[in-house]
Amino acid sequence: MVNASPPPSNVRVDKPTRRDLLYIATAVTGVAGAAASLVPLIDQMNPDASTLAAGGPVDIDLGQVEPGGQVVILWRKKPIFVVFRTQENLQVLQSRQLLIELADPDSKYLQQPPYAKNWHRSLTPEIGVFVGICTHLGCIPQFDPLPNASDPAPNWLGGYFCACHGSKYDLAGRVFRDVPAPYNLPVPPYRFTGDTTIRVGENPPNEDFDFSTIRQM
């Protein structure tokens, strides 16, 4: 439904860089060690106070997400990462070099809806949607999409890094082996309401996934 092409020309986006494409600061109430410095939310994506209070669905305009970049919104007071993965990102997600490093590459544990139990953990390969809370102690992982030989970890292939205790996830939210976090990042219920709009908090038609049944937050 969404392909890896640039957003419309009337949408202002900045070219992603390692330090600019990071994440929002969100306090996780009652969870020790939750901290990060994240980029501000795009104003027009913020749901109103009544929607947040009710925990209702939140719409996201994908035209605001540059290929290779990410935006973060709030749903049920949780940070939701929405990432636009490039073809290069998708190739890495299927590479043997990455797969042998993952603890649950096939999403065997219930951390996602049935419709997101695939190699990209999403409705479409390009768009990933995750709850941005580390499954170790509830910290907020940083978005670090660019490969790097040493930073934030040796032989980094791109993904999410939790600076609090060193847990690592790929750009499908799949957790690495031998890190403190035991599970993949959760995928919330969501659906497309148009070619370039998704709604977090609602399942697609004929799906009844209950987010409260996930293994661990």
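This is a predicted model: local features need pLDDT of at least 70, side-chain atom pairs count only at pLDDT 80 or more; totals for chains, interfaces and linings use all residues.

Phe143 is buried, at a relative accessible area of 1%. Phe81, Phe130, Phe143 and Tyr160 make up one aromatic cluster. Tyr160 is buried as well, with a relative accessible area of 0%. Phe81 is also buried.

**Aromatic pairs**

How many aromatic pairs does the structure hold? The count is six.

| Pair | Centre to centre | Angle between planes | Geometry |
|---|---|---|---|
| Phe81 and Tyr160 | 5.2 Å | 15 degrees | stacked |
| Phe143 and Tyr160 | 5.6 Å | 40 degrees | tilted |

Why does the pair of Phe81 and Tyr160 count as stacked? Its planes stand at 15 degrees, and the stacked class takes planes under 30 degrees apart. The pair of Phe143 and Tyr160, at 40 degrees, is tilted.

Both pairs join separate strands. Phe81 sits in strand E3 and Tyr160 in strand E6 (residues 159–161), so their contact ties together parts 79 residues apart in sequence. Phe143 sits in strand E5 (residues 142–144), and its pairing with Tyr160 in strand E6 links parts of the chain 17 residues apart.

**Nonpolar core**

The largest nonpolar core has 46 residues. Which of them touch the most other members? They are Ile80, Val82, Tyr160, Ile198 and Val200. Several elements give two or more residues to this core, among them strand E2 (70–75), helix H2 (87–93), strand E4 (127–131) and strand E9 (197–200). Strand E3 (78–84) is on that list too. E3 provides the largest share, five residues.

**Cysteines**

How many disulfides does a search of the whole structure find? It finds zero. Cys162 shows the reason in one case. Its sulfur has its closest cysteine sulfur in Cys134, 4.0 Å away. A disulfide needs the two sulfurs within 2.5 Å, so the gap between Cys162 and Cys134 is too far for a bond. Cys162 is buried, with a relative accessible area of 1%. Cys139 is buried too, also at 1%.

**Confidence**

The protein chain averages a pLDDT of 82. At least 70 is reached by 75% of the residues.

Notes: Residues are numbered from 1 along each chain as its sequence is written. Side-chain values use heavy atoms; hydrogens and water are left out. Buried means under 20% relative accessible area, exposed over 50%, partly exposed in between (1.4 Å probe, protein chains only). pLDDT is the predictor's confidence in each residue, from 0 to 100. A nonpolar core is a set of buried Ala, Val, Leu, Ile, Met, Phe, Trp, Tyr and Cys residues joined through side-chain atoms within 4.5 Å. Helices (H or I, at least four residues) and strands (E, at least two) are DSSP runs, numbered from the N terminus. Rings of Phe, Tyr and Trp (its six-membered ring) pair if their centres lie within 6.5 Å; planes under 30 degrees apart count as stacked, over 60 as edge-to-face and the rest as tilted.
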